[in-house]
Amino acid sequence: MAFPVHRPRRLRATESIRTLVRETALAPDDFILPLFVCPGENVKREIGAMPGNYQMSVDRIVEECAEVASLGVAGAILFGIPETKDETASGGYDDQGIVQRAVRAIKREVARLIVMTDVCNCEYTSHGHCGKVVDGDVDNDTTLEWLAKSALSHARAGADIVAPSDMMDGRVAAIRKALDGEGFARVPILSYAAKFASCFYGPFREAAESAPQFGDRRSYQMDPANGREAMREIELDLEEGADMIMIKPALPYLDLIRQARDRFEVPLAAYQVSGEFSMIVAAARNGWIDQPRAMMESLTSIRRAGADFVLTYFAKDAARLLG
Ligand code: PBG
């Protein structure tokens, strides 16, 4: 029996009823804010392609994190812009590196905020690739050593969670082993398990000054056409010891967020990446879209698809809107 007995509009009549039957809720503690830390003092430089996002020196990042925490946002994930870059990404695993210093300062001043670190080499190599380049391609197994050293130095600095984003094979196992071997068995790994070679990272590469100087990342990041392979990547990372998994980007890959939610019993994150953010802001600045509504609708959709939490440049704005 359908219409006229069934009238779904009955439950849409008022905001109170809509609220009562709403299936997906957003809360500030669903969000992680990506932050870019740079050398210097009192530096806060806006990123052209990402309005409202900044490269900040350690002192300013600490201030920012205090505000982030006061809004109820769950945490921040740090990306570093080092003073110098080299062939061996040495700035990435230096205990005095930019991210390591930022982590120590934040954990000292804003202890309750979750501090995640992005573990990758592309911000630290002179060529902008995510690992050691041999014959024009990234060499997997050497790169694992750099990643393990980076994760370890982040843990030593006090990072709450390390998040490898490089897409080398075997990185989760290498990082787990390094952490456990040095007394950091309690530090969880959030693996960017299914990370695609996406054009939506464009604005980020300006923010992190990490665009590859030659070629692209398609020999290590995934082909956007491959959903089954994404599930296999997740399975492998879980076997290697990942505690949590991530799908990245988010909105163009909602189908995979849903599949992963249905298949794996671990916390699932999604990364609403720089291009997803910048498209909404750019359209809003042109008067073509309502920014707060586009922000909330996209975040709701990512949660509805099955993500437990979302890495998003909208974290502060959305938290403010949620009150
Ligand atoms: C590092 C890394 C990237 C992003 C997160 N970690 C860039 C890339 O892989 O090129 C992208 C994040 C964003 O676009 O917001 N490998």
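Helices (H or I, at least four residues) and strands (E, at least two) were taken as DSSP runs and numbered from the N terminus. The model is predicted, so that local features need pLDDT of at least 70 and side-chain atom pairs count only at pLDDT 80 or more, while totals for chains, interfaces and linings use all residues. Residues are numbered from 1 along each chain as its sequence is written, and side-chain values use heavy atoms, with hydrogens and water left out.

The protein contains 11 helices and 12 strands. Its radius of gyration, taken over C-alpha atoms (globule rule: 2.2 Å times the number of residues to the power 0.38), is 20 Å, close to the 20 Å given by the rule for 323 residues, so the protein is as compact as a globular protein of that length. Of the 323 residues, 54% are buried (under 20% relative accessible area; exposed, over 50%; partly exposed, in between; 1.4 Å probe, protein chains only). Among contacts (heavy atoms within 4.5 Å) with a separation of 6 or more, 73% join residues 24 or more positions apart.

Helix α5 spans residues 171-181, and its buried residues are Arg 171, Val 172, Ile 175, Arg 176, Ala 178 and Leu 179. Down the axis of α5 these residues fall within an arc of 165°, so they line one face of the helix; the arc is that of the directions from the helix axis to the C-beta atoms. Lys 177 and Gly 181 are exposed on the other side of α5. The cover over the buried residues of α5 includes β5 (114-119), α4 (140-157), β8 (161-164), β9 (190-195) and α7 (228-240).
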